[in-house]
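I wanted to look up the domains and the pockets here. My notes follow the model.

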Amino acid sequence: MFKSILINKTDSDYQVKLTEIDESSLPEGDVTVDIQYSSLNYKDALAITGKSPVVRRFPMIPGIDFAGTVASSSHPDFDTGMSVILNGWGVGEVHMGGFSQKAQVKGDWLVPLPSAFDSRQAMAIGTAGYTAMLCVLALEKNGVTPDQGEILVTGATGGVGSVAVAILSKLGYQIVGLTGRPEESDYVMSLGAAEILNRSELSEPGRPLAKERWAGVVDVVGSHVLANACASTRYGGVVTACGLAGGMDFPASVAPFILRGVSLIGVDSVMCSKNIRLEAWERLGQDLDLTKLGNIVHEIGLSKTIEAADDLLAGKIRGRVVIDVNQ
Ligand code: NDP
């Protein structure tokens with residue numbers, strides 16, 4: 001038997017509890033992993049609270065990522081004892097996830113733990129941090145360089161935002177952090193932002209085109225913030241959109257795209273191809289300052305994870321939450 005968080009749904013009830021299950025409750029997979037760490041992502045908080053239909057099969061163990069060691073494997077690339085990480089692929093949504101001491105998954109979904117990190121650091125980064133790196137790669141691949149001007153990072157105190165600020169700062173970009181928590185300005189600046197902008201400056205309906213400012217944008221908020229970020233992006237600039245913390249809508253006009261050649265690049269971490277995952281993890285090893293990562297993350301045990309989900313959605317959590325599943 002091992003510990004897991006389990007979500008169950010009936011017509012009248014959405015139940016989440018910490019419980020004990022055995023291996024027969026896990027889905028089929030060619031690799032069994034003894035999990036050491038998972039992490040609390042925005043999507044996990046939606047799954048635990050039931051505020052959005054993230055979980056599409058019940059009962060479900062939430063947790064869209066994990067790091068651990070291979071307990072047994074029939075996959076040619078993974079031997080017993082290897083350290084591995086997993087992000088996405090529907091794990092924690094349609095396939096039993098990482099808020100558990102064990103997982104059984106397809107070996108094709110796993111990535112070897114990069115040599116730059118131990119498993120706790122890998123989950124301190126977690127899906128949010130790896131998505132931040134996907135956004136940075138998208139900016140680079142679309143031609144954004146540090147000499148072109150300021151980069152706007154929205155939701156700057158959150159998981160994706162904090163890691164994006166830390167990475168971009170190490171790469172020499174000038175960063176402006178957008179936050180609804182001005183009291184956390186010192187935190188965002190300690191990660192490398194040069195300036196803080198109050199969320200309210202971009203969260204109201206705006207004009208189709210505003211004064212040109214950003215060479216690039218990492219947006220986790222969506223809605224009016226994304227629309228206003230596009231409207232204030234410089235000629236030829238690049239906006240990466242990965243989140244919906246402020247809303248799923250996109251109340252924008254085509255003006256920035258057709259008059260300023262602005263590119264809007266969507267970023268998805270879940271079904272992202274393996275070669276891009278490997279590239280992102282390798283670049284995290286080079287371009288993320290581990291001292292800053294230490295300041296971004298705090299640790300909780302599995303038993304505190306359910307209550308932490310409410311705090312995350314209420315905007316009470318700063319940075320990243322790593323989960324020690326053995327606590
Ligand atoms: P966090 O909760 O850690 O951070 C989100 C941040 O967004 C908050 O800290 C807050 O920052 C800001 N925010 C929260 N609510 C609102 C609001 N109503 N309006 C405007 N800003 C708000 O989440 P993550 O960083 O882990 O994830 C951020 C987003 O990215 C989520 O929507 C998540 O689903 C998405 N995501 C997408 C992925 C993908 O594959 N596309 C992968 C990972 C995440 P502040 O207080 O500083 O303003």
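The entries below cover the domains first, then the pockets.

I worked from a predicted model, where local features need pLDDT of at least 70, side-chain atom pairs count only at pLDDT 80 or more, and totals for chains, interfaces and linings use all residues. Residues are numbered from 1 along each chain as its sequence is written, and side-chain values use heavy atoms, with hydrogens and water left out.

**Domains.** I found the protein divided into domain 1 (2-113 + 292-324) and domain 2 (126-266); the bounds come from an automatic or database domain assignment. Their C-alpha centres lie 28 Å apart. I noted 15 residues of domain 1 in contact with 19 of domain 2 (heavy atoms within 4.5 Å).

**Salt bridge.** I looked up the count between the two domains, which is 1 salt bridge (a side-chain nitrogen of Lys or Arg within 4 Å of a carboxyl oxygen of Asp or Glu). I also noted that the side chains of Arg318 and Glu184 meet in a salt bridge, at 3.0 Å from N to O.

**Largest pocket.** I took a pocket as an open set of points on a 1 Å grid over the protein atoms alone, where a 1.4 Å probe fits, with protein on both sides within 12 Å along at least five of seven lines; lining residues have an atom within 4 Å of a point. For the largest pocket I noted 45 lining residues, with Tyr42, Val220, Gly243, Leu244 and Ala245 nearest its centre. Domain 1 and domain 2 each give at least three residues to this lining.

**Second largest pocket.** I counted 16 lining residues here, and Glu201, Leu202, Ala210, Asn228 and Ser232 lie nearest the centre.
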